[in-house]
Amino acid sequence: ENPQLSSLDKTDLAFSEGSQSLYKPEPLEKALNGDVLNILKVTIFFQLSERAAMDASYVQELDGILEEARTIENHLKQKRESLKQRFTVIANTLQN
């Protein structure tokens with residue numbers, strides 16, 4: 001046996017060698033890297049979801065602004081048409 005192995009390491013080694021289980025313990029660093037990667041994925045997912053929600057709210061806000069602009073435009077067109085009619089009446093009155 002290797003004298004540098006601690007008794008805990010020997011127990012782990014004996015367990016893993018003697019076990020018929022398919023479980024192979026991963027090094028802690030590899031397991032932590034997987035966890036960090038999953039945390040990063042979840043964080044990015046949530047940030048993208050929040051950004052998508054903000055974008056959707058901006059689209060709704062812009063739709064509201066455009067609808068208001070169309071309403072104002074139609075109102076101004078009606079006013080212009082009304083003024084044209086009034087000027088026509090005035091011009092016809094002055095010509096007579």
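**Note on a predicted helical chain**

1. Glu73 and Lys77 are joined through their side chains by a salt bridge, with 3.7 Å from N to O; the term denotes a side-chain nitrogen of Lys or Arg within 4 Å of a carboxyl oxygen of Asp or Glu. Both residues belong to helix H2, where they stand four residues apart, about one turn of the helix. Glu73 has 40% relative accessibility and so counts as partly exposed; Lys77, at 43%, is likewise partly exposed. Here buried means under 20% relative accessible area, exposed over 50%, and partly exposed in between (1.4 Å probe, protein chains only).

2. The model is predicted: local features need pLDDT of at least 70, side-chain atom pairs count only at pLDDT 80 or more, and totals for chains, interfaces and linings use all residues. Residues are numbered from 1 along each chain as its sequence is written, and side-chain values use heavy atoms, with hydrogens and water left out.

3. The average pLDDT of the chain is 80, and 67% of the residues score at least 70; pLDDT is the predictor's confidence in each residue, on a scale from 0 to 100. Over residues 4-15 the value stays under 50, and the model has four contacts beyond four places in sequence for that segment. A contact means heavy atoms within 4.5 Å.

4. The chain contains two helices and zero strands. These elements are DSSP runs numbered from the N terminus (helices: H or I, at least four residues; strands: E, at least two). Of the 96 residues in the chain, 0% are buried. The accessible surface comes to about 9400 Å², and carbon and sulfur atoms account for 60% of that area. Such areas come from the Shrake-Rupley method with a 1.4 Å probe; for residues, only the protein chains shown count as cover.

5. How many salt bridges does a search of the whole structure find? The search finds two. One of them links Glu67 with Arg70, whose closest N and O atoms are 3.8 Å apart. Because Glu67 and Arg70 are three residues apart in helix H2, about one helical turn separates them. Glu67 is partly exposed at 45% relative accessibility, and Arg70 is partly exposed with a relative accessible area of 45%.

6. A nonpolar patch on the surface is formed by Val36, Leu40, Ile44 and Leu48, which together have about 360 Å² of accessible area. Patches are made of residues with over 30% relative accessible area and no salt bridge, like charges being joined within 9 Å and nonpolar side chains (Val, Leu, Ile, Met, Phe, Trp, Tyr) within 5 Å. Leu40 is located in helix H2, residues 28-95, and is partly exposed at 47% relative accessibility.

7. The structure holds one aromatic pair. The ring centres of Phe45 and Phe46 are 5.7 Å apart and the ring planes stand at 65°, so the pair is edge-to-face. Rings of Phe, Tyr and Trp (its six-membered ring) pair if their centres lie within 6.5 Å; planes under 30 degrees apart count as stacked, over 60 as edge-to-face and the rest as tilted. Phe45 is exposed, at 52% relative accessibility, whereas Phe46 is partly exposed, at 48%.
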